[in-house]
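Visitor: I'm new to this one. Could you walk me through it and tell me what the labels rest on?

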Amino acid sequence: MKYVNLNATMVLPGGVVDGAISPAEYLERLPELADMLPEGARTFATDPRHYDFSSSRCVKALALERISFAEVGDEVSMELGFRHNCWKHEEDLIIRYGGVSGFTLDVSVLNSVRPQSVVILDEVLPRPGGCSHEIALCPGSITVLCRDLVATWVEAVCPDKPSAA
């Protein structure tokens, strides 16, 4: 990642912590980067809950559940489905990428159908003709180059969710 630091050093009241995750530099640059992002990518990246580790809409700790592709005419689209973490999220996240011009996948798979990687953090950057979306996973990573993306939070089906009485 260019600005999100996955191995930051932080000084806390109790001492120095190495190996921390810090989106601080990315968040500092985001106001200028946002103007160059396509609409959907801008909406997703600038949501104040996106990098708030205490928010249920922070991407940290989501589990990659599904990757799918479609082709309509000459355009390739890609969809990533992320499952909630019952202790942190109340919703699953679906990211749809339109006009995919490239991607790299380096993910852990239990078998060919069920990826088992968990999101550490992500970074959306502008590029000519669209944006790039890099997602750091434990273990692995995904980078998608696309015209734009749309991120949608959907209600999770969770057996651990408290029922309304």
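Guide: Here is a short tour by question and answer. This is a predicted model, where local features need pLDDT of at least 70, side-chain atom pairs count only at pLDDT 80 or more, and totals for chains, interfaces and linings use all residues. Residues are numbered from 1 along each chain as its sequence is written, and side-chain values use heavy atoms, with hydrogens and water left out.

Visitor: How many helices and strands does the chain have, and what makes a run count as one?

Guide: There are two helices and ten strands. Both are DSSP runs numbered from the N terminus: a helix is H or I with at least four residues, a strand is E with at least two. Starting at the N terminus, the order reads β-β-α-α-β-β-β-β-β-β-β-β.

Visitor: Why is alanine 61 called buried?

Guide: Buried means under 20% relative accessible area, exposed means over 50%, and partly exposed is in between (1.4 Å probe, protein chains only). Alanine 61 has 17% relative accessibility, so it counts as buried. Across the chain, buried residues make up 41% of the 165 residues.

Visitor: What else is there to say about the phi of alanine 61?

Guide: Alanine 61 has a positive phi of about 80° although it is not a glycine. Most residues other than glycine have a negative phi. Look for alanine 61 in the loop between helix 2 and strand 3 (63–72).

Visitor: How do you know that the buried residues of helix 2 line one face?

Guide: In helix 2 (residues 39–46), the buried ones are Gly40, Ala41, Phe44 and Ala45. Down the helix axis they fall within an arc of 120°, so they line one face; the arc is that of the directions from the axis to the C-beta atoms. Turned away from that side are the exposed Glu39 and Thr43.

Visitor: What do the buried residues of helix 2 pack against?

Guide: Among their partners are helix 1 (24–34) and strand 5 (91–98), where contact means heavy atoms within 4.5 Å.

Visitor: Which peptide bond is cis?

Guide: The one from cysteine 138 to proline 139, with omega near -5°. Proline 139 sits in the loop between strand 8 and strand 9 (140–146).
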